[in-house]
Every structure is written in structure tokens, then in C-alpha cells.
Amino acid sequence: MSEFKPKSELVHLLVERGYLHQATNLEGLDAKAVSGVVTGYIGFDATAASLHVGNMMQIMMLRRMQQTGHKPIVVMGGGTTKVGDPSGKDATRQLLSEAAIAANIASIRKAFDAYLSFGDGRADAIVVNNAEWLDQLGYVQFLRDYGVHFTLNRMLSFDSVRLRLEREQPLTFLEFNYMLMQATDFLELFRRYGCLLQFGGSDQWGNIVNGVELIRRVEASEAFGFTSPLVTTASGAKMGKTAQGAVWLNAELRSPYDYWQFWRNTEDADVGRFLKLFTDLPLDEVARLEALQGAEINEAKKVLAGETTALLHGRAAADAAEAGARAAFEDGATSADLPSFALPRASLEAGVQLAALVADAGLAASRSEARRLALGGGLRLNDRPETDAQRLVTLADLDADGVIKLAAGKKKIVLVRPA
């Protein structure tokens with residue numbers, strides 16, 4: 001692999017920017033990408049109303065496809081969500097109703113417009129729903145057409161199954177069928193759109209290989225699989241996990257300001273890698289920013305926050321988020337762009353314990369964490385340190401702008417507004 005030098009812009013870009021973990025035949029994919037337009041896909045199950053930062057690696061790989069003249073397909077898992085992917089899970093996913101799945105798909109779909117151009121052109125992205133074909137399959141037909149190509153011996157060897165069994169966690173027969181359904185997706189996309197490539201995270205390797213193998217057996221054609229590495233932070237944390245939960249992509253679930261702050265809080269050692277993966281900045285500029293030392297690395301973090309937020313929410317929202325952060329943390333002022341928390345005026349009239357308010361506003365995961373922050377000098381109320389987590393916050397604490405400014409640590413701030 002170290003001697004392989006990609007000739008196609010697609011494979012070169014994917015390798016150079018750090019997206020490659022495993023591939024079924026990278027040289028073969030490279031040759032296909034040189035000779036013409038490659039169509040590739042990633043599937044997204046509709047288990048929530050929004051995708052999150054943990055999905056960004058896959059979204060950016062589709063973006064890289066289109067940037068190099070190839071055609072991305074976004075597959076919404078209207079069918080597979082009814083089963084649930086067991087990969088990386090210790091328990092069966094909660095089964096959703098068809099109405100809930102449809103609502104989630106409609107909500108998830110909005111985020112892709114920020115990263116891909118959709119249309120009827122040669123390299124325009126398209127969206128399809130795998131319920132179109134999976135819902136039409138009869139069980140006996142499914143077993144006869146596809147089940148004959150898979151052995152239990154091989155299926156039991158894949159991590160998504162083997163690890164669950166080794167941990168003695170139950171794996172339902174429903175979930176066991178998931179990998180067959182995903183392989184069916186690849187075959188159907190091959191037949192309908194000439195799709196030759198499936199992307200996915202490293203935990204999807206077994207499912208992807210099954211699809212490649214099914215196309216080889218049924219259509220006597222070669223298809224390709226490409227997985228990206230699991231993204232963890234330098235400290236080992238899973239990408240996108242915070243004390244307040246997932247970092248959602250939909251603005252109604254996580255504001256542009258909070259999204260900007262998430263990237264601004266990147267660990268020093270991750271800045272260069274994240275700039276390569278999650279922004280369009282040229283690599284020479286990434287190298288320059290990555291080389292910054294000491295306090296100057298904060299400027300690189302602001303660039304990372306600005307570029308990632310601009311991609312998702314637009315440049316105006318990214319600039320407003322940075323201005324809000326500057327006003328709050330550098331100028332000591334309040335700003336309309338800061339996140340706010342509405343509290344009933346009656347509650348402030350009666351008085352609210354500071355620890356409870358800090359936790360309810362999302363600045364701490366719990367009241368006990370809020371108390372620890374206060375004891376450690378990490379809480380500020382209207383820009384003044386506050387060590388008494390039991391003190392009552394009342395209407396008397398409203399500032400000249402009619403808000404109460406709460407801050408936890410150096411980078412988290414919320415404006416409490418009476419409602």
C-alpha cells in the first residue's frame with residue numbers, strides 16, 4: 001500500500017486527506033476513477049431527527065466524490081431502519097414506527113444541501129430511500145434470491161455479530177438480517193444506477209464486503225468498498241460526544257453558535273487532522289495552521305470552527321458565532337448571537353438555586369458537576385466568579401440588558417432570559 005501512488009484525483013484526495021482505513025481493491029477503484037465517472041453511496045439510517053458530528057466523515061467523503069467529478073448517492077434507510085444496524089451496539093435498537101422514520105428522513109435530508117449539489121447532471125448527487133426496494137421483498141423471495149449467497153460461518157465471523165456474541169449480549173434474528181439487507185442495497189444501486197462504490201465507517205467493513213461479494217456472485221462484476229477510520233480525539237474520546245449529548249447538525253437541535261464552540265474547543269493535537277477531514281482548506285494552509293504553537297494554536301482552532309460552521313450553516317452564521325464568542329469571552333459583553341435559556345419570570349421571582357440553573361441551562365451535565373465547577377472557581381455570573389452553588393439567582397441578577405450571563409469554564413456561556 002505504501003508504494004501505491006493514486007493516479008485519480010478522487011483516490012489521491014481521499015488518501016492525502018486521511019479518509020482511508022480499508023479498501024477492497026484501491027488500485028482497481030483508482031483505475032475506474034481515471035477512466036470515467038464513479039458512482040458511490042453511503043447509507044444513513046433514520047434513527048433520529050438529525051445526523052450528528054459523528055456522521056461528518058461519511059458526508060465529507062461524498063463531498064470529496066463530487067469535488068473530483070464523481071456522482072454521490074445518499075441512501076436514506078427507510079427500510080433498514082425498521083431492522084436496526086447491530087454494528088457497534090451492545091443492545092437492540094429501539095424500533096421506530098413508519099411515521100417516525102418518515103419524519104426523521106425529512107429532517108435529516110436538510111443537512112445534505114449544505115455539502116452536496118443535487119440534480120440531474122452527470123455528477124449531481126441524488127437521494128434514494130431503500131424502502132423503495134426492501135419493502136417490496138417477500139420473505140421467501142428474499143431468502144431464495146439473496147440468502148443462498150451467504151453462509152452462517154462467514155456472517156458469524158464479522159465484528160458486528162462476533163463482538164455481540166462474545167460479550168453475551170442478545171442479537172435478534174431481525175438484526176442478524178441487517179447485513180443481508182445492506183448487501184441487497186448495494187446490488188440494487190448497482191443495477192439501478194451503475195453504482196460501483198460503497199463508503200462507510202470502519203465498523204461497516206463486513207457489511208460492505210458482503211455487498212461487494214453479492215455483486216460479484218449475482219452480476220459477475222466488480223464493485224468496491226472503502227472505509228474510513230473511527231474518529232476519536234487525541235484524548236481517546238469518541239468524536240462528537242459531549243457532556244450535553246450528541247453534536248447535532250440540524251440548527252434547531254444545536255445552534256450555529258454552539259456548533260462553532262464545539263469545533264473551537266478541539267484539542268490542540270487534533271486541529272491539523274480535523275482541518276484536513278472536515279474543511280476544504282488547501283493542505284498547505286492546513287500545514288501552516290497545524291504548525292502554530294502555544295497560544296497561537298487558538299487562531300487555528302478559530303479557523304477550524306469558522307470553516308466547519310460555514311460549510312453547514314453558511315458564512316454569515318459562522319461570522320456571527322465568532323463575533324458572539326469574541327463579545328462574550330474577549331470583550332466581556334453580551335451578544336444576541338449567544339445561546340440563550342428561557343426561564344419563567346415567576347421562577348426568578350422566587351429564586352432558583354445556581355447549581356440547578358447551570359445544569360438546566362446545559363452548562364453542566366448535572367447539579368453535582370455544577371457544584372464542583374463552583375468550588376473550583378469555574379462558574380461566573382454576570383462576568384463575576386461565583387463559588388456558592390447554593391445561592392439563589394433572582395430578578396435582581398438581571399443586567400442592564402435584561403439577561404443573566406452564566407459562564408462555565410472559559411468557553412461555555414448562556415444568557416438566561418426571563419420568559
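Predicted model: local features only at pLDDT ≥ 70, side-chain atom pairs only at ≥ 80, totals over all residues.

Mentor: Strands of a sheet pair through backbone hydrogen bonds, either parallel or antiparallel. Here five strands form an open sheet with mixed pairing. The order is β9-β15-β14-β11-β12.

Trainee: Which are the edge strands?

Mentor: β9 (340-343) and β12 (384-385). Each of them pairs on one side only.

Trainee: How many bridges join β11 to β12?

Mentor: Two, and the strands run antiparallel. β11 covers residues 379-381. Its Leu381 has Arg384 in β12 as bridge partner.

Trainee: Now the rings. How many aromatic pairs does the structure hold?

Mentor: Eight. To classify a pair, check the angle between the planes: over 60 degrees counts as edge-to-face. Trp263 lies in helix α12 (residues 256-264) and Phe274 in helix α13 (residues 271-278), so the pair ties together parts eleven residues apart in sequence.

Trainee: Are Trp263 and Phe274 buried or exposed?

Mentor: Both are buried. Phe274 also pairs with Phe278: the ring centres are 5.6 Å apart and the planes are at 65 degrees, so this pair is edge-to-face. Phe274 and Phe278 lie four residues apart in helix α13, about one turn. Phe278 is buried as well.

Trainee: Which residues do the ring pairs link into a cluster?

Mentor: Tyr259, Phe262, Trp263, Phe274 and Phe278.

Trainee: Where does the charged end of Arg109 sit?

Mentor: Over the ring of Phe118, 4.2 Å from the ring centre.

Notes:
Residues numbered from 1 in each chain as written. Heavy atoms only, no water. Pairing = 2+ DSSP bridges. Phe/Tyr/Trp six-rings, centres within 6.5 Å; stacked < 30°, edge-to-face > 60°. Buried < 20%, exposed > 50% of the residue type's maximum accessible area, 1.4 Å probe, protein only. Lys NZ or Arg CZ within 6 Å of the ring centre and 35° of its normal.
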